[in-house]
Amino acid sequence: MYNTKAYSAVSATAPLASDTIARRDLTEHDVQIEILFCGICHSDLHSVRNEWGGTVYPIVPGHEIVGRVTEVGSAVTKYKPGDLAAIGCMVDSDLTCPHCKAGLEQFCQNVILTYNSPDKHLGGVTYGGYSNSIVADERFVLRVPDNLDLAGVAPLVCAGITTYSPLRHWRVTEGKKVGVVGLGGLGHMAVKFAHAFGAHVVVFTTSPDKTEDALRLGADEVVVSRNADEMQKHAGSFNFILDTVSAKHDINAYLNLLCLDGNITLVGAPEKPLDVAAFSLIVARRSLSGSSIGGIAETQEMLDFCGQHNITADVEVIPIQKINEAYDRLLKSDVKYRFVIDMASLKSE
Ligand code: NAP
Ligand code: ZN
């Protein structure tokens, strides 16, 4: 066991503050990573403030981790010290259930998330990436293309895969009209991917000042969702809509934009339930689904795709001392388009 610096919250109302946490000594399949950058996902905020319930304190959030391998266990084959590596939302699963065998570890009953899951090695719960060092099983560590900006890579392992996976699952390709609701961390990655897959992309935003950015990121059209007339123009026309909104909103307004057999997939996880009108679905055999991150193999596929197509997140890099300010701005939809913590700032505390 060794100690490393971290930022944690001790309650749902406490600000995040400097802390020291323990990490395990390496077992044979483990990789130790010096964390260079960690993205700030809205899920970190939901969890810290216990909006979904079940948060164990102190919590060390962070599941968009990128860094350099510092040490490897005796049986590790994929990594050596000095390699770039990333860790997303999961650090373990049983690897034997049908979901794991199908490469869908995120749906394993025994999945261990990067933070706030039972820690079978040290007891208590797992601690995430708002820290200088982490240890994880190599099977949950990802290879990072070496041609990409590292700060912009960090968000790929949550915001990136969470949008890439449903776009692939619902076969978003050329000729499809695709909506992205909410232009935040997830939303801006969805725009980049849907555009790269050749779809006609329409962004729905509550922030009119994001219009120019949306077009630059790859959108073909932008709709200010508070404008009912603009929304009405698109009625019944979408094949697929990805909803990334983090707060309660009117889902029927978007269901009504789907064509026959169209689908809305929710990746946004608001604290309160959404009201679905039966007729929004019935009248055009529409469907509403959800999606959770993506499996390890698909996450690697996504990172490799990003390497080939030069795709990274648009980031605002902050020192960790600005974390509480960043959370406040996240709540105001004031992020362009992902905060990423430069972990060197934690070393100097
Ligand atoms: P984010 O950066 O805060 O973006 C959310 C965006 O939603 C905002 O930028 C805003 O976009 C829009 N929005 C916020 N409040 C709204 C409201 N009241 N009404 C309408 N639109 C609103 O958050 P994120 O990190 O992308 O995460 C988004 C959600 O996905 C969170 O709930 C998060 O927990 C969840 N998530 C799920 C998964 C998964 O596996 N399913 C993975 C990661 C995150 P505009 O300014 O454009 O309106
Ligand atoms: Zn996340």
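The following legends describe close-up views of a predicted model.

Local features are reported where pLDDT is at least 70, side-chain atom pairs count only at pLDDT 80 or more, and totals for chains, interfaces and linings use all residues. Residues are numbered from 1 along each chain as its sequence is written, chains are lettered from A and ligands numbered from 1 in the order in which they are written, and side-chain values use heavy atoms, with hydrogens and water left out.

**View 1. The shell around ligand 1.** Ligand 1 is surrounded by 30 residues, the closest being T205, T206, S207, K210 and R338; a residue counts as near the ligand if one of its heavy atoms lies within 4 Å of it. By type, the shell holds 12 nonpolar, 16 polar and two charged residues (nonpolar: Ala, Val, Leu, Ile, Met, Phe, Trp, Tyr, Cys and Pro; charged: Asp, Glu, Lys and Arg; polar: the others, Gly among them). Because domain 1 (2–157 + 314–348) and domain 2 (160–290) both contribute residues to this shell, ligand 1 lies between them; the domain bounds come from an automatic or database assignment.

**View 2. Polar contacts of ligand 1.** Polar contacts here are pairs of N or O atoms within 3.5 Å. A polar side-chain atom of S207 is 2.5 Å from an oxygen atom of ligand 1, and a side-chain N or O atom of R338 is 2.6 Å from a ligand oxygen atom. L186 takes part through a backbone N or O atom, 2.8 Å from an oxygen atom of the ligand. On its own, ligand 1 has 930 Å² of accessible area, of which the protein covers 89% (Shrake-Rupley method, 1.4 Å probe). Helix 1 (42–48) and helix 5 (185–196) are the elements that give two or more residues to the shell, and helix 1 supplies the largest share, three residues. Helices (H or I, at least four residues) and strands (E, at least two) are DSSP runs numbered from the N terminus.

**View 3. The β-α-β unit of strands 16 and 17.** Strand 16 (residues 315–319), helix 11 (residues 323–331) and strand 17 form a right-handed β-α-β unit: with the strands pointing away from the viewer, the path from the first strand over the helix to the second runs clockwise. Strand 16 runs parallel to strand 17 (residues 338–342), and five bridges join them; pairing requires at least two DSSP bridges. P319 stands opposite D342 of strand 17.

View 4. The peptide bond from Y57 to P58 is cis, with omega near 0°, and P58 is in the loop between helix 1 and strand 4 (65–72). K336 and Y337 are also joined by a cis peptide bond, with omega about -15°; Y337 is in the loop between helix 11 and strand 17. N116, a residue other than glycine, has a positive phi near 65° and lies in the loop between strand 7 (112–113) and strand 8 (133–137).

Terms used
A polar contact is a pair of N or O atoms within 3.5 Å; within protein, one must be able to donate a hydrogen and the other to accept it, and residues adjacent in sequence count only if both atoms are side-chain atoms.
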